[in-house]
Amino acid sequence: MSTHFASTSPDEWEVWEATRRGRSDFRAFSATTPSPGKLRLVVLDYAERWPRDALLNLMRDLADLRSYRLRVLLIARSADAWWHNLLHDLHLMHYAATAVELGPLHGGFIEDRKKAFLAARDGFADALGVSDPEAITIPENLDSAEFGLMLSVHMAALVKVDAHLQGIERPDVSPDSLSIYLLNRERAYWASLRSAVDPAVSIDSSSMSQAVYVATLTGPLSYKNARTALLRAAVESSENFGKILKAHSLCYPPNHLARPNNSYNEPGMSTYLEPIYPDRLGEDFLALTTPGHAASYPADPWATEVVENLLVREGFEDSAGWTASALTVLIETAARWGHIAAGQLYPLLRSHPQLMLEAGNAALARLADLPDVDIDVLQALADYFPGRHINLDAGMARVTQRLADHLLDTLEDPAERARILHALGMRYLNAGFFEQGLGPTQEAVGLYKRLAEENPSRFNPLLANSFNLLGINLSRSGRHVEALQATNDAVALYSRLSLAEPDLYEAEYGRVLANSAARQASSPEQRLAAAEEAVRIGKRWAESFPERPVELAGALENLANTFSDLGRHEEAVATGEEAVKVRKQQVREAPEQYTPDLARATANLSRYLVRAKQSNDGAAKAREAVNLYRDLAKIDPRKYQALLASALSSLGILLSSVGPPAEQIDATHEAVSLYRVLSEGDSKNKPTLAQALCNLGIHLNAAGERAKAVVATTEAVDLYRELAGADSTQRPNLALALHNLGIHLAGIDLESEAVEACTEAVDLYRVLAEGDSRHKPALAQALCNLGVRLTAAGEGAKAVVATTEAVDLYRELAGADSTHRLNLALALRNLGVLLAGIDLESEAVEACTEAVDLYRVLAETDGSHRPMLAFALLQCGSLLFDAEQADQSLEAFEQAIDLYRALSDAEPLIYRPALAKTLAGLGRAFIEVGRTAEAEAVIEESKRLAGYDDVQ
């Protein structure tokens, strides 16, 4: 394929093939400088089999060549977890990564199959030296369903070409016979190799066959582990294992990174037991070598015990890391060969279900999806499953779903049906499939309700538990009012049960109270009462019954969150730290269960610390949370990438006050990259992408990268415009993004474009405020910003109109809520400047005087407003002076000077320049009123202070 691309491209392409040697000894190559003018296509087959770190190392090295035209083609069986696990990192390396599914060659498209066959035939003929490929005809059965797979078409072409070369007139190219033909050719190759090589590395075909069988299951291994694998498999050979491995490596040499004058493995980093490729051929070899089939291929009785010997043989402590590989190959083989499923895979898993815990999510899901999977095997696995496991949750959910589908099809007992449905809802919750978990959980609640009416003592506890699960799934699905109702139902039931039998149900009562405290539809006061009671119960049980698990950490988390919502920040920090401490202990005991909880508790603690004005500590905790979520996202990107993105976005916001600009920009850039990947897979993530882009624009603008800020915020505006077209609730976000865009455009001197963006923001907020008065503060702020932008664009009169409207709005708002007085004062200050700019001096003085009066009241109760009062007095003095009211300006200047003297004593570097400016203004006023001596004194002091920085 790659050669065909290179030969048919109008440009001159150089094609590289990237291969690997093993799972643990990867070393990325050092990129050499390409020859000038060459275009690069790098092809990597079986990409899903590469270790993630090895593949990323390769992609990083290739990224160093980005100044050249480069394409990387990753070929794999599917674009599932392995691909989504890479997308974020590929975007960070600036790859434009996309997945293209190569669908089957459907029977209706027989011409496509013929073209594929002829292209493969000609390629194989050229490689094998066949001079008359046109004599090799297209198989008559190419329209059969089995040839829907491109690999089958290619195998048929290879068989036909090789048969032609060998003088075989009519080779059997039925799909079942292709692998047999090719494997017989492999056996012939083994025999020819034995007579052609040094006897020191020559072995018989039986020994080679058994080594190939082991290699198919284990994949490439180090020399030590490869010897152990042969030993465990009980390979039947008189040859020593070292000789077998060396002979096998001659036949199937370790893959190297094929590129000019380079290999990614240094000398001595060899691996052994390279499997047969393509993988389908290896799977067929496994099946045909194992007794139990009726095909015309010699089976080996030794093979019947190999799988169990490799994975669970007594006398060996572990499987040296090949369990996941072996089970993955075995499951894929069982999908097409019934005797492997019935004779190997299913007996192994019935006896040793714990093995699947090493196989991971993908293998569990593939097993569950086998059309004729043994339900007893799935039940044995389900009985062995842990409650939660970050490596297995999605796979366990798929197995549980397949079991439920089978059992519920014929099961009539309502109690048993409810139990199965509840278990399925719980598995979906653990896997992060909250909406999928709603259906079975709701059905379980309905069944338990009817059962509890007939037998409350037996079924009320089960009903309460299902109500609690339903509340969690509803809450995680964003249905907060319904979640509160379900959780309240659980609380009511457990309350009665706890009063009757506290030893049995008080701990459960505490658990659902903790969940009740997390319900967003409940008031903060109600959540506080529930959380405090849940913590009291949890602590009492933890002290009295330390051997019985109780969910204290969750109660502490929700109590801390409620404290924070109520503005009790110090209590939120203390309680949040206690929750993190408990979570860390849980992680030490069972990391696969509790690491996600620790990540969440740590992220929440970072917010509490910032709100308690402990920003440095908050940023440190935010970094911890990011690191935890990063590790989780590597394991299960579907479930944790969104949480990693959220943690990164929060880190960027927190760092805006304490961290270096580069770090906050990097964190937000990464969040944007993640949200971009997530939104490509699910449009529900577009709002979070737009929000992250807005944040990125703010951070870039603050760092002086204003052009980049405009680019990011423009994309956010475009996204919000699209979203608002379908969902009116996104209009406030669009208005805010436009507001920000106006500020950023002004920063690169695009004043007319800034005015346009700010005007659209005002128009949107005006419509929103007409329907909901809660938008009036945002409208007032947008009007203020529009006034500033109009002034910069030279439209002073229009600026006065906009700012006057803002003042009127803030005056109305401040009348009902005193927290708006500060915004009113700022708007009045701006209005004063604008009025002066169009020669309305008396109106300007009036606005500024009102601002001074407001700042004076604010400063009396909160000293942090004194700098703004001083500035307003300076501004008022200047306006009075310009309005030829020098006498009246004196008092304003003198009051400002008194304030600035006190402020500069505490922070001279910040406030002495303002003090010098105010003294200069007072000096000019003194001169104007004829008080020359006083003028000379303050002007002299002003000059001395103006040189203060030089003195320093």
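The chain holds 41 helices and three strands. Both are DSSP runs numbered from the N terminus: helices are H or I with at least four residues, strands are E with at least two. This is a predicted model, in which local features need pLDDT of at least 70, side-chain atom pairs count only at pLDDT 80 or more, and totals for chains, interfaces and linings use all residues. Residues are numbered from 1 along each chain as its sequence is written, and side-chain values use heavy atoms, with hydrogens and water left out.

**Whole chain**
- The C-alpha trace spans about 120 × 80 × 55 Å along its principal axes.
- Of the 952 residues, 51% are buried, meaning under 20% relative accessible area (1.4 Å probe, protein chains only).
- Among contacts (heavy atoms within 4.5 Å) with a separation of 6 or more, 66% join residues 24 or more positions apart.

**Surface and charge**
- The chain exposes about 43900 Å², and carbon and sulfur atoms supply 51% of that area. The areas come from the Shrake-Rupley method with a 1.4 Å probe.
- There are 91 positive and 130 negative side chains. Lys and Arg count as positive, Asp and Glu as negative; His and the chain ends are not counted.
- The centres of the two charge sets lie 3 Å apart, with each charge placed at NZ of Lys, CZ of Arg, CG of Asp or CD of Glu.

**Around Ala746**
- Ala746 sits in helix H31, residues 731-747.
- Ala746 counts as buried because its relative accessibility is 10%.
- Leaving out residues up to four places away in sequence, Ala746 touches Glu751, Ala754 and Arg789.
- Val788 is 42 residues from Ala746 along the chain, and their C-alpha atoms are separated by 9.9 Å.

Technical notes:
Buried means under 20% relative accessible area, exposed over 50%, partly exposed in between (1.4 Å probe, protein chains only).
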